[in-house]
Structures are given as C-alpha cells and as structure tokens.
Amino acid sequence: MRYFEIKETVEDSALINKIANAVAKWMYKNKPAEHPVQTIAQLTGIKDTPLSKLRITFDYLSKDTAAEYHREHDGNKPLIVVNLEDWHEGDYASIAEYVAHELRHALDDVKFKGKHHVSYWAGQDKYQQPKNKDEPYWSKPSEINARVQQALHNIDYIKRDNPEASVKELWPEIKDMLDELKLTEYPGYERIVKRVLAYAEKN
Ligand SMILES: [Zn+2]
C-alpha cells in the first residue's frame, strides 16, 4: 500500500490553533443557541486560508464530545459542529483545544482529498496502523495526528502560563500532557516529540 504523506508544518499547526481560538472566542462572546451554518471566514474573519471556507455551526450533540467533524458526503460540504450541551461548563481553552482537533481532520482532508492518507508524523510506519478493527479508534493515524494538534494547542497555554520558562524547563509538564493524550505509547513517539519541540521553540 502506498501512503500519501501529509507534511505538517509549524505554520499549519499555528494557523489551526489561531482559528480554534477565534472560534472559542466568538462562542464565548456571542453565547450562541443553535446557530445557522457559517464559514470560518464569516465567523472569525480569518480569510485566505485552506480552512476559511470550512463550515461551522453550534448544536446540541448527544455524544459526549466538545465538537465533531462531518466529512464531505452525499454532496454535503464538510462541517464542524461545536456542542452546545456542555460548553458553558468547560473553559475557553478546552473548547478551543477540541475545535483544533476537528480542524486538523478538516485540514488533512483538504490536503489529501479522496486519497487514502496517513500522517507522516503519526503513521508512516506500518506498525502504527491499527492492526485490526478491534483496535481503538484513537490509535488510528488520523486520530493521533489530531491529538498532536491538541498537544500543540496546549503548549501555547503552558507557555503563556510560564512566560519566563524555557522549553526545556517546561518539558516535564509537556510530557505529562502528551501522556494524557495517549501520545507517548507509540513507536513513532520520537517523531511526535520532534514536532512538538519544533512548535514549542518557534511559537
Ligand atoms: Zn478525531
């Protein structure tokens, strides 16, 4: 099987985090009830990006999740739905974190439309592919990649809370966070660490 690699860049990751924060900010400012579908550009004012035309809305989801991503199907364009069920109990940063997760799925789709794809970072190696359908969904490469995006989002907040600290000094806290996201148990972990460090050093 040939894999189409997605080359994630620090810039892509930073863009996703910026959009996710803008969505969460909008949400807290406007306290939406069910809201008509808008594009990311309409909602956040962030235009001219691969995600600007992505549609987003707010609704009550029965699933216990902060947000979900609907792939394009049956002529319906991709859509992110943010859950109104519990957002007011969560905090701004955690809403944005989960929006970032779904935005990563959306960007992966934009980049590799219609092709079987895996993330270079998360799944180039075949031992990282779920071996069978009994493996949990979170071990899928696309899910690993989306959780790496969450990790990068969290790094912004860890750095903001510790403005004087070096990345090296923050590493124990970053490592714990990666562990919570189930990112430390993969053979590809070293590659994830490189990506996390590249982001942390640059942003
Ligand atoms: Zn996901």
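Helix α1 covers residues 10-30 and helix α3 residues 92-111; they pack at an angle of about 130°, with their axes 8 Å apart. Axes are lines fitted to C-alpha atoms, for helices over the stretch in contact, and angles run from 0 to 180 degrees between N-to-C directions. The crossing of α1 past α3 is right-handed; a crossing is right-handed if the near helix is turned clockwise from the far one by less than a right angle, and left-handed if anticlockwise. Residues of α1 in the contact include Ile16, Ala20, Val23, Ala24 and Met27, and those of α3 include Ile95, Val99, Leu103 and Leu107. Two residues are in contact if their C-beta atoms, placed from the backbone, lie within 7 Å.

The structure is a predicted model, in which local features need pLDDT of at least 70 and side-chain atom pairs count only at pLDDT 80 or more, while totals for chains, interfaces and linings use all residues. Residues are numbered from 1 along each chain as its sequence is written.

The protein chain contains 7 helices and 6 strands, taken as DSSP runs numbered from the N terminus (helices: H or I, at least four residues; strands: E, at least two). From the N terminus on, the order of elements is β-α-β-α-β-β-β-α-β-α-α-α-α. Of the 203 residues in the protein chain, 34% are buried. A residue is buried if 20 or more other C-beta atoms lie within 10 Å of its own, exposed if 12 or fewer, and partly exposed in between, with C-beta atoms placed from the backbone. Among contacts in the protein chain with a separation of 6 or more, 67% are between residues 24 or more positions apart.

The expected span is 1.5 Å times one less than the number of residues in the helix. Since 15 of its 21 residues are buried, α5 is largely enclosed by the rest of the structure.

For helix α7, the 14 residues 189-202 should span 20 Å, and the end C-alpha atoms are 20 Å apart, which agrees. Its buried residues are Ile192, Arg195, Val196, Tyr199 and Ala200. Seen down the axis of α7, these residues fall within an arc of 130°, so they line one face of the helix; the arc is that of the directions from the helix axis to the C-beta atoms. Exposed on the other side of α7 are Glu190, Lys194, Glu201 and Lys202. Helix α6 (residues 167-180) packs with α7 at an angle of about 135°, their axes being 12 Å apart, and the two are therefore oblique to each other. Here Val167, Ile174 and Leu178 of α6 meet Val196, Leu197, Ala200 and Glu201 of α7.

Most residues other than glycine have a negative phi. Asp48 is not a glycine but has a positive phi of about 55°; Asp48 is in the loop between α2 (40-44) and β3 (55-59). Asp74, also not a glycine, has a positive phi of about 50° and is placed in the loop between β4 (67-70) and β5 (79-83). Asp48 counts as exposed because it has 6 C-beta neighbours inside 10 Å, and Asp74 counts as exposed with 4.

Definitions and conventions:
Parallel < 35°, antiparallel > 145°, perpendicular 65-115°, else oblique.
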